[in-house]
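Hello,

Here is the structure I promised to pass on to you. Please open it alongside this message, and my notes will follow below.

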Amino acid sequence: MSHYDHEKHVAAGLKAAIHNPNVSDEARERAQERLEQVSGASATHTGGVDAAGHETNRVIGGYKATLHNPNVSEEAKQHAREVLKNEGVATGDDGDDSDDLHQTRVNAGYKAALHNPRVSEEAKEHAREVLQSQGEL
């Protein structure tokens, strides 16, 4: 069993204990604290698990899909926008400046090129020029 699978099982077991009426209040509190520790340590945007045992990337992807689904109510879309905003994910349709987000990603690509040994010196020089013109270097 991989480390990720183990964390997922631990989180699921803790969640079950929290919702089990046969578990004492003290044990539920300990399970809640442990769940927060487990989810806090593993919840990342690179495949982590949230407090409910959901895969973070999939949850975020679901909310993004909600925004583009014509069969979803405006209320559900607004909720998705709020959740994504709280997660720090720009949506482009809720007042975020998607051009700024795009430029940030472009600049990140140029910065990565500067450290990539497979990129030619000519391309690295171009990346430096672009980043300097953007005030990023």
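Leaving aside its neighbours within four places in sequence, which residues is lysine 124 in contact with? In this predicted model, the answer is Ala113, Leu114, Asn116, Pro117 and Val119. Lysine 124 itself lies in helix H6, which covers residues 121–133. Its relative accessible area is 10%, under the 20% cut-off, so lysine 124 counts as buried. One of the residues in contact with lysine 124 is Ala113; the two are 11 residues apart along the chain, and their C-alpha atoms are separated by 6.3 Å.

Stepping back to the overall layout, the protein chain has 6 helices and 0 strands. Reading along the sequence gives the pattern α-α-α-α-α-α. The chain has 137 residues, of which 22% count as buried. If you take the contacts between residues at least 6 apart in sequence, 26% of them join residues at least 24 apart.

Next, the cores. The largest nonpolar core consists of 6 residues, namely Ala11, Leu14, Ile18, Ala31, Leu35 and Val38. Two elements give two or more residues each to this core: helix H1 (3–19) and helix H2 (25–42). There is also a second, separate core of 5 residues, and among them are Ile60, Leu67, Ala80 and Val89.

While you are looking at helix H2, have a look at glutamate 36, which is found there. With 47% relative accessibility, glutamate 36 counts as partly exposed. Glutamate 36 and alanine 11 are 25 residues apart in sequence, and from C-alpha to C-alpha they are 9.1 Å apart in space. Alanine 11 is one of the residues of the largest nonpolar core.

Helix H3 (residues 56–68) packs against helix H4 (residues 74–86) at an angle of about 140 degrees, and their axes are 9 Å apart. That angle makes H3 oblique to H4, since the cut-off for roughly antiparallel is over 145 degrees. The crossing in which H3 passes H4 is left-handed. On the H3 side, the residues that meet H4 are Ile60, Tyr63, Lys64, Thr66 and Leu67. Their partners in H4 are Ala76, Lys77, His79, Ala80, Arg81, Val83 and Leu84. By type, the residues of this contact divide into 7 nonpolar, 2 polar and 3 charged. Ile60, Leu67 and Ala80 take part in this contact and are also among the residues of the second core.

Lysine 77 has its place in helix H4. Is lysine 77 buried or exposed? Lysine 77 is buried, with a relative accessible area of 14%. Not counting residues up to four places away in sequence, lysine 77 touches Thr66, Leu67, Asn69, Pro70 and Val72. Of these, Thr66 and Leu67 belong to H3. Tyrosine 63 is 14 residues from lysine 77 along the chain, with 8.1 Å separating their C-alpha atoms.

That is what I have for you.

Best wishes

Methods: Residues are numbered from 1 along each chain as its sequence is written. This is a predicted model: local features need pLDDT of at least 70, side-chain atom pairs count only at pLDDT 80 or more; totals for chains, interfaces and linings use all residues. Side-chain values use heavy atoms; hydrogens and water are left out. A nonpolar core is a set of buried Ala, Val, Leu, Ile, Met, Phe, Trp, Tyr and Cys residues joined through side-chain atoms within 4.5 Å. Buried means under 20% relative accessible area, exposed over 50%, partly exposed in between (1.4 Å probe, protein chains only). Helices (H or I, at least four residues) and strands (E, at least two) are DSSP runs, numbered from the N terminus. Axes are lines fitted to C-alpha atoms, for helices over the stretch in contact, and angles run from 0 to 180 degrees between N-to-C directions. Angles under 35 degrees count as roughly parallel, over 145 as roughly antiparallel, 65 to 115 as roughly perpendicular and the rest as oblique. A crossing is left-handed if the near helix is turned anticlockwise from the far one by less than a right angle, and right-handed if clockwise. Contact means heavy atoms within 4.5 Å. Ala, Val, Leu, Ile, Met, Phe, Trp, Tyr, Cys and Pro count as nonpolar, Asp, Glu, Lys and Arg as charged, and the others, Gly among them, as polar.
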